[in-house]
Amino acid sequence: MKYLLALLALVGSVFAEEVLAYPRVYWENSVKVWFWIAVLIYLIVAIPAIYFAIKYRYKKGEREEGDHIEGNTALEIVWTVIPIIIVLFLGTYSFANFVKQRNAPEGAMEIKLVAFMWGWEFEYPNGKKVYAFFNPEGYTAPEEQKAYIPAGKPIKVYLTSRDVIHSFFVHPAKITEDAVPGRITKMWFQINKPGEYFVFCREYCGTWHSRMFAILKVVPEEEFNRWLGEGQAVEQTSQQIIQ
Ligand SMILES: [Cu+2]
């Protein structure tokens, strides 16, 4: 009984898993469904196939002129209709997930992002900018090059590029989108757990492609608003100084 409860708790914890980020959860749901249906179909086909291969294997002089099945309409209808239902389900379910992956939910914060050789320019709704430059020394960045992101809020990104094609890959959210010169593409993501996460360039773009990354610093919304406001204040002050 004790072990059964422990097992149930373990199974429960798997299902109650906290969602770390969107839209990765939609992608993972599709993968899980495809995987388990594939396993099920494999077992339904392979186990009887092995059984029949052994049971009706060739033996000299036995069943050499044996019984033949001429056809079975009911069976043929069943093995046509069931796969059609499975295929329609996989198609519609995956498409529904794809639509959620592609379209940012209402009320998402919008960020403009310009990729360049080799780095990223983030522009926030109030005009505050963060530049994340490539770093030949390693995957570290000074504080002012980290792009702050509010935790638990959907972020819609408008992408473009200044030179060649890059690709913005938000690793924790399992989503990537090309940044193409002369074109604006879009994507969205949401990270629920505060922390620092990597973004990588996922389109080979030259010498420092492998070091073209950005660090997303995901913080609670209040802290994000403070940070965003600070930037505005700094910008105003520097403008006043210039004037
Ligand atoms: Cu790149």
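Leu-40 lies in helix α2, which covers residues 24–55. Helices here are DSSP runs of H or I with at least four residues, strands are runs of E with at least two, and both are numbered from the N terminus. The model is a predicted one, in which local features need pLDDT of at least 70 and side-chain atom pairs count only at pLDDT 80 or more, while totals for chains, interfaces and linings use all residues. Residues are numbered from 1 along each chain as its sequence is written, and side-chain values use heavy atoms, with hydrogens and water left out.

At 52% relative accessibility, Leu-40 counts as exposed. The cut-offs are under 20% relative accessible area for buried and over 50% for exposed, with partly exposed in between (1.4 Å probe, protein chains only). Together with Ile-41, Ile-44 and Val-45, Leu-40 forms a nonpolar patch on the surface, and the accessible area of the four is about 390 Å². Such a patch is made of residues with over 30% relative accessible area and no salt bridge; nonpolar side chains (Val, Leu, Ile, Met, Phe, Trp, Tyr) are joined within 5 Å, and like charges within 9 Å. Accessible areas come from the Shrake-Rupley method with a 1.4 Å probe, and for residues only the protein chains shown count as cover.

Now take the protein as a whole. The protein has four helices and 11 strands. Of its 243 residues, 33% count as buried. The accessible surface comes to about 16,200 Å², and 63% of this belongs to carbon and sulfur atoms. A contact means heavy atoms within 4.5 Å. Among contacts between residues at least 6 apart in sequence, 66% join residues at least 24 apart.

Helix α2 also holds Arg-24. Arg-24 and His-171 are 147 residues apart in sequence, yet their C-alpha atoms are 9.4 Å apart in space. Leaving out residues up to four places away in sequence, Arg-24 touches Pro-172, Ala-173 and Lys-174. Lys-174 is found in the loop between β7 (166–170) and β8 (175–179). Its phi is near 50°, a positive value in a residue other than glycine. Lys-174 is partly exposed, with a relative accessible area of 36%.

Two cis peptide bonds can be located in loops. One joins Tyr-22 and Pro-23, with omega about 0°, and Pro-23 sits in the loop between β1 (21–22) and α2. Another joins Met-117 and Trp-118, with omega about -5°; Trp-118 is placed in the loop between β2 (109–116) and β3 (119–123).

Helix α3 spans residues 73–102 and includes Gln-101. Gln-101 is buried at 15% relative accessible area. Not counting residues up to four places away in sequence, Gln-101 touches Pro-23, Tyr-26, Trp-27, Ile-175 and Trp-188.

Charged pairs come next. The structure holds nine salt bridges, a salt bridge being a side-chain nitrogen of Lys or Arg within 4 Å of a carboxyl oxygen of Asp or Glu. In one of them, the side chains of Arg-102 and Glu-177 meet at 2.7 Å, N to O. Arg-102 lies in helix α3 and Glu-177 in strand β8, so this pair ties together parts that are 75 residues apart in sequence. Arg-102 is partly exposed at 34%, whereas Glu-177 counts as buried at 15%.

Glu-196 and Lys-146 also meet in a salt bridge, at 3.1 Å, N to O. Glu-196 belongs to strand β10 (residues 195–201) and Lys-146 to the loop between β4 (129–133) and β5 (147–150), so the pair ties together parts 50 residues apart in sequence. Glu-196 is partly exposed, at 42%, while Lys-146 is buried, at 9%.

The copper ion is coordinated by His-166 (ND1), Cys-201 (SG), Cys-205 (SG) and Met-212 (SD), at 2.0 to 2.5 Å. Donors are N, O and S atoms within 2.8 Å of the metal (3.2 Å for Na, K and Ca); water is not among the atoms, so sites may look incomplete. Along the chain, the donors follow the spacing H-x34-C-x3-C-x6-M. The four donor atoms subtend angles of 93 to 125°, which makes the arrangement tetrahedral, a label that requires all angles of four donors to lie between 85 and 135 degrees. Cys-201 is buried, with a relative accessible area of 7%, and Cys-205 is buried at 5%.

Methods: Tetrahedral: all angles 85-135°; square planar, octahedral: opposite > 155°, others 65-115°.
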